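Let us walk through this protein from its overall layout to a few single residues. Keep the model open beside the text.

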Amino acid sequence: MLSKSIIAVAAMVLGASAQTYKASFTQYGAGDSFGSGNCQTKSTACGYYTTGYNAAVSQNEFGVGPGAGAGPACGTCWKLTVQTDSSGKKVSNAGNSIVVKITNLCPANGNPLCAQNGYGANLNFDTCKDSGASAALFGNSGVGLGVGTATKVDCSQWKGSIVQ
């Protein structure tokens, strides 16, 4: 009887840790239209980059603002699934998913998506072009701003390593 109780508690704990949100997806990195630098650098807000897919996350999830250093979201992993473009039209690769590790802050000030003022999303993930995350998520859909879901996952689902 005790083992069934332990299994039930473990299932509740594991189920409670799965957080899924409506999310918007953008991209940044060397050569983008905003003049961003390479996002594969140790000068990210978390202080490292990765050999796998990574992203910046909106300030409300990151946990601290610009200049405050590493937020509590640093190192968390998320499964991102794109469904539509910014107009709500289904993208050609709808349902495509990747897993990213959070390495940077997408600051709210001056960035409406990172302040969560668009597309009904709870979070924005600014995928790092230089890690390959943007190309892997958006594929040949022809969009650079997508909407879908983001689910917090165990980092055993992410492939890569941290570079400090």
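The model is a predicted one. The protein has three helices and eight strands. Read from the N terminus, its elements run α-β-β-β-α-β-β-β-α-β-β. Of the 164 residues in the protein, 43% are buried.

Now turn to the strands. In what order do the strands close into a barrel? Six of them do so, in the order β1-β6-β3-β5-β4-β7, with mixed pairing. From one strand to the next, the twist averages 45 degrees.

Begin with β1, which covers residues 20-28. Strand β1 runs antiparallel to β7, residues 146-153, and six bridges join the two. Y21 stands opposite A150 in β7, and A23 has G148 of β7 as its bridge partner. With β6, strand β1 pairs in the parallel sense, again over six bridges. Look here for F25, whose bridge partner in β6 is F125.

Next comes β4, residues 77-85. Is this strand mostly covered or mostly open? It is mostly covered, since seven of its nine residues are buried. Strand β4 pairs with β5 in the antiparallel sense over five bridges. Eight bridges join β4 to β7, and these two strands also run antiparallel. In β5, the residue opposite C77 is K101; in β7, the bridge partner of C77 is V153.

Stay with V153, a residue of strand β7. Why does V153 count as buried? Its relative accessible area is 16%, and buried means under 20%, so V153 falls within the cut-off. Setting aside residues up to four places away in sequence, V153 touches C77, W78, K79 and V99. The chain also brings T76 to this spot. T76 and V153 are 77 residues apart along the chain, yet their C-alpha atoms are separated by 7.9 Å.

Now for the empty space. In general, rolling a probe the size of a water molecule over the atoms shows where such space is left. The largest pocket holds about 520 Å³. Its lining is made up of 28 residues. Which of them lie nearest the centre of the pocket? They are Q27, Y28, D32, F34 and D126. Three strands, β1, β5 (97-106) and β6 (123-128), each supply at least two residues of the lining. By class, the lining has eleven nonpolar, 14 polar and three charged residues.

End with T44. This residue is found in the loop between β1 and β2, the latter being residues 49-50. Is T44 buried or exposed? T44 is buried, because its relative accessible area is 7% and the cut-off for buried is under 20%. Neighbours within four places in sequence aside, T44 is in contact with C39, T103 and N104.

Definitions and conventions: Residues are numbered from 1 along each chain as its sequence is written. This is a predicted model: local features need pLDDT of at least 70, side-chain atom pairs count only at pLDDT 80 or more; totals for chains, interfaces and linings use all residues. Side-chain values use heavy atoms; hydrogens and water are left out. On a 1 Å grid over the protein atoms alone, a cavity is a set of points where a 1.4 Å probe fits but cannot get out, and a pocket is an open set with protein on both sides within 12 Å along at least five of seven lines; lining residues have an atom within 4 Å of a point. Grid points are joined across faces, edges and corners, and a volume is the space filled by probe spheres set on the points. Helices (H or I, at least four residues) and strands (E, at least two) are DSSP runs, numbered from the N terminus. Ala, Val, Leu, Ile, Met, Phe, Trp, Tyr, Cys and Pro count as nonpolar, Asp, Glu, Lys and Arg as charged, and the others, Gly among them, as polar. Buried means under 20% relative accessible area, exposed over 50%, partly exposed in between (1.4 Å probe, protein chains only). Contact means heavy atoms within 4.5 Å. Two strands pair if DSSP finds at least two bridges between them. Axes are lines fitted to C-alpha atoms, for helices over the stretch in contact, and angles run from 0 to 180 degrees between N-to-C directions.
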